[in-house]
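Welcome to a short tour of this model. Have the viewer open as you read, and follow the points topic by topic.

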Amino acid sequence: MAVTEARPKPIAPEPYRRRVLEWLTTTDHKKIGILYLVNSFSFFVIAGVMALLMRSELAQPGTQFLSARAYNQVFTEHGTLMIFLFIFPTLAGFGNYFVPLQIGALDMAFPRVNALSFWLLPVGGLTIVSGFVAKGGAAAGGWTSFAPLSEQLGTGEDLWIAGLLLVGAASILGAINFIVTILRMRAPGMSMMRMPIFCWSTLATSLLVVLATPVITAGLIMLFADRHLGTTFFSAAKGGSPLYWQHVFWFFGHPEVYMLILAAWGIVSEILPVFSGKPLFGYRGVVLAFLLITALSFSVWAHHMFATGAVELPFFSITTEMISIPTGVLFFIWLATLWKGKLRFEVPMLFALGFVAMFLIGGIDGVWMAAPAMDFAIHDTYWVVAHFHYVLFGGTVFGIMAGIYYWFPKITGRMLSRRLGLWHFWLQLVGFNLTFFPMHMLGLQGMPRRIADYAPDRGWNTMNLLSTIGAFVIGLSMLIFAVNVILTLRKPRTAPADPWSGNTLEWATTSPPPPHNFDRLPVIGSARPVYDARLAGTVAEGDGT
Amino acid sequence: MSTAEMASDERAVRGTSSPVLGMVLFVASEAMFFAAFFAIYAMSYSSQPSWPPKDVTVPSIGVPSVMTGLIVASSFFLQLGVRAIRRGDGRRLSLWLATTLFLGAAFTALQLYGYSQIEFGIREGIYASLFYIMTGVALAHVAGGVVFLLLVLVRSATGHLTMVRHESAEAAAIYWHFVVVVSVALYVAFYLLASVHPKGP
Amino acid sequence: MGRRGRWRLFAGAGAAAALFLSACARQGATVQGEEIHRLYGIIQGLAAFVFVLVEALLIWSIIRFRKRDEAPPPQVFGSNRALVGFFAFGAVIVAVLFPFGEQTLSHVQRQEPPLVNLRVEAFQWEWTAYYLNEGIFTTGRTLKQPMVMELPVDEPAHIMLVSRDVMHEFFVPDFLFMRNAIPGHPNTFTFTPNKIGTYQAQCAEYCGLWHSRMTFVVKVVSPTDYAAWVKDKTLHAIGGNCSPNGASVHLTAKNTTWSTNCIAIPAGQRLSLTVTNLDDGVDHNFGIWPSIQDAIAKKGQLYQTGRFPGVATRSFDVTATTTLKPGRYYFQCDVHGVAMAGAFIVK
């Protein structure tokens, strides 16, 4: 039998202090994965509240309760925390938990470095947030912290720099860990082309982190030096240039956004096949698309700088349009996977389908700006805000929720409530579109981004109000999600090993897995070892059909 | 042995071990880190009418040349040590490690001496900014390499490294060679270029 | 999913499509803007095609391929031919989009000999426009009044855009155009407004505390109205009138605005000057010039304090005022120029 035998419960529960110490010092990738998820969702709540604050202020023209000074700090911290302390670490957390399981390994290649990578995160995140109690307030330069403005700002900016240096170091160490684990620790029979597609997405993300994140590390050091050591890298006086900051930032910044989406593509590419009952159509095509996008992402950065008048427009325009080609291939592959399948609309599948529908819009939005002449009209407006929320929320957050509902039983041994999940999904879908679709109109009507307030005679009032209503609907959907998680965690651990009739190795062990992951592995003869084993009758049917 | 060590044993026989692969990736990230600074250097070079700028007195090339020669030599000696441990000769490795460390220390001392001789301060424009930050950061990396090599020397001197298991020596060597390459690149950018082929009238 | 779910899906998709196709860019009140509007239409066509195609296939799959029995679906692994097709689809779209984009760009960037030549300076948090041919200027004052610039219709206008401090962005939504103002890197562009009207505009690059209030107005008017406006600007004096109140003056700078735009001191006396700068991190100074023209030409400055950032207070003993003959002079913060200026009267 390939399924691991269930463990007997201990007679007396562990003393509380010993359990806490265990969590603080663990090097087990599964516990570290859970720590990542808990940390990420904590910051999601903080940054989410910030979003509600901003939308409350912007619902109507005129300053209601958030001064310009406060608003500028809030939008800076919202963006920074969402990107670096929520989205990326959640994907890393899923990777930590599931990459070793999916490749049939015992743990990550460097378990102690893995623990270090995690603990740097809450320290870095708290450093960034601590700006709110610093003299002069939190960082207020936007998550992009353009020079020379960022050189004028107060102590909060230094805390922002320090926090990001820690978070960046953590992600680079983590990425090295993932790459070595994937290349060196796959179980016998698992060639690279039989590896789960989620592992490929983690590999591609990790390559991006290793090559792009150090660039922003250098930039942050230069920014700090300009602020405190008298250097002039980014100030126009004495030979420096604000454009240098933008080049350094966006050379990192564009690969960064792919770091935020690749693993979500991986999750969706796992879930769609399972709930269609068919293999992923064109596994090779997905791998090729991932690798092409990874490589091309280094060639597009200056499309963020079209309006500076200082970059080579045709080159970056064509590379930007080209990167949409492999991205489009992914859509066709997903559609072809669904085609003639037997679709089961469990909650993970709903979120995965929502991902496809929403990410399409975000992706198209982006290509709109790839033509520089068009970009001159909508750059730095709410069109851009709409675009990146469609790809990061409509895309990655829907993908994350898909992953949560899919893998929750494996991690905790309990199935999330389907009923609450449906409420969560529909409210999130409606709320999300109500919040961000109007921003397309606002952008076309000329509303710039990052403004704490707007005049009442610009024609922007209705769209802003709709957007705010949508934001609170999202908030409600998240409350329902939180209730679902809390109620479910109180239930006993009854989830089967394979509730969804999955394909990949994590479903070949108990829910949750034992500390050593597997008692025995099924034979690995394809990219779907658990599907094969189920077909051959060598593993018990899961309860998920 | 831990599970990670077991896994790495399995693959060490037929390819790069995990610690060495990890170090290669780390060095790749460090290369991108330095590349960012060099990119700013290149952009400044192309937008300034003269390089080094008119008001900058470039230090004489003597001390930097000696310094760079020493650290390049240290790479050769270190590699001799690595080849020694691949034959199982821990004693030779310790000898060559000590030599490398000595040369690294000499490099550091000369760099610090060099700083005291420089006529421009850090606040004097883009050239000064690049010079001090890039050489300073590189020196920090040399210091890190020295610490790493010292740890390996301790393990080697106490007999822990064998012909089959000496990944820390391999990894440290890769890191040190990288640091040497960066030192050479900085030598070219800030000393050789200024003396041999400065830009401008 | 059930019938209710299916209808909800249709309704949602239909609403989304309708909204999507209804979003509309402005027409473009310049020759270049109209080109950009045309490009917008082309992109919208391509986008709508891709959007409808993919979403329709998705919705169709959801409805048609719902699991209804236990028979396993065909285990299709994909083919190279399909893959090539998928890549080809995107390549064709790009092959259509790119040339249109480039063509529009070359039209937008085309230089025409301009009638109106402007130097526009952006600063925290307003704008000053110098009309180089006419010898006039118009300026905004932070939080107090937006800059109003007038342009004659159907005449090319050329702008050299600079920044006095941080990154800003000159954005006129109705022109479908924006350009960064970058310190140390002037940007130039030409456009020809072709619709008379009043157009609201503002800075689009986040530039600190009052970014949201860094608005300005572009008024496109008939040539006659334009000439009248130029004449009015030429005659307008800065700073009004005031009387001396001793030889001691305390001036405060807040939000890039002085606490007064008229200073008067008795003739032959040393000015005891205190300047309080309340703008955190922003440099100001106090300079006295013979006239506004001299200040613009940067010739003949009579006195200046050093620049210093806020929040700080400095005191100065100005001996230069003892030799000033009675008359009307001009003071400004040299960092922010005419936007932070007034009359300096010696009586």
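Lys238(A) counts as partly exposed, because 17 C-beta neighbours lie inside 10 Å, while 20 or more would be needed to call it buried. Please keep in mind that this is a predicted model. The notes below start with the backbone around this lysine and then move on to chains, contacts and packing.

**Backbone details**

- Lys238(A) sits in the loop between helix 7 (197-228) and helix 8 (242-259) of chain A. Its phi is near 55 degrees, a positive value in a residue other than glycine.
- Lys298(C) also has a positive phi, about 55 degrees, although it is not a glycine. Look for Lys298(C) in the loop between helix 5 (292-297) and strand 17 of chain C.
- Ala147(A) and Pro148(A) are joined by a cis peptide bond with omega about -5 degrees. Pro148(A) belongs to the loop between helix 4 and helix 5 (149-152) of chain A.
- A cis peptide bond also links Gly310(C) to Val311(C), with omega about 0 degrees. Val311(C) lies in the loop between strand 18 (308-309) and strand 19 (312-318) of chain C.

**Helix 4 of chain A**

- Helix 4 of chain A covers residues 111-129, 19 residues in all. From first C-alpha to last it reaches 28 Å, close to the 27 Å expected at 1.5 Å a residue.
- Buried positions in this helix include Asn114(A), Phe118(A), Leu121(A), Gly125(A) and Ile128(A). An α-helix has 3.6 residues a turn, so residues three or four places apart point the same way.
- Which helices do the buried residues of helix 4 of chain A pack against? Their partners are helix 2 (29-58), helix 3 (68-102) and helix 6 (155-184) of chain A.

- Chain A is divided into domain 1 (26-260), domain 2 (264-493) and domain 3 (496-545).
- The centres of domain 2 and domain 3 of chain A, taken over C-alpha atoms, are 30 Å apart. Their contact takes 13 residues from domain 2 and eleven residues from domain 3 of chain A.
- On the domain 2 side, helix 9 (262-274) and helix 14 (382-412) of chain A each give two or more residues. Helix 14 of chain A has the largest share, five residues.
- By class, that side of domain 2 of chain A has eight nonpolar, two polar and three charged residues.
- The largest nonpolar core has 340 residues, and Met374(A) and Ala402(A) have the most contacts inside it. Leaving aside neighbours within four places in sequence, Ala402(A) touches residues including Ile267(A), Val268(A), Ile271(A) and Phe355(A).

- Chain B has six helices and zero strands. Its C-alpha trace spans about 60 × 30 × 25 Å along the principal axes.
- Of the 201 residues in chain B, 39% are buried. Among contacts in chain B with a separation of 6 or more, 80% join residues 24 or more positions apart.
- The contact between the two chains takes 27 residues from chain B and 31 residues from chain A. Helix 2 of chain B gives the most to the chain B side, with 15 residues.
- The chain B side divides into 16 nonpolar, eight polar and three charged residues.

- In the contact of chain C with chain A, 72 residues of chain C meet 76 residues of chain A. Helix 3 of chain C gives the most to the chain C side, with 15 residues.
- That side of chain C divides into 49 nonpolar, 16 polar and seven charged residues.
- Five strands of chain C form an open sheet with mixed pairing, in the order 13-21-20-16-17. Strand 13 (262-265) and strand 17 (303-304) of chain C are the edge strands, each pairing on one side only.
- How many bridges join strand 13 and strand 21 of chain C? The two strands pair in the parallel sense over four bridges, and Cys262(C) stands opposite Ala343(C) in strand 21 of chain C.

Conventions:
Residues numbered from 1 in each chain as written. Chains lettered and ligands numbered in written order. Predicted model: local features only at pLDDT ≥ 70, side-chain atom pairs only at ≥ 80, totals over all residues. Buried ≥ 20, exposed ≤ 12 C-beta atoms within 10 Å, placed from the backbone. Contact = placed C-beta atoms within 7 Å. Nonpolar A, V, L, I, M, F, W, Y, C, P; charged D, E, K, R; others polar. Expected span 1.5 Å × (residues − 1). Pairing = 2+ DSSP bridges. Domains from an automatic or database assignment. Core = buried A, V, L, I, M, F, W, Y, C linked by C-beta atoms within 7 Å.
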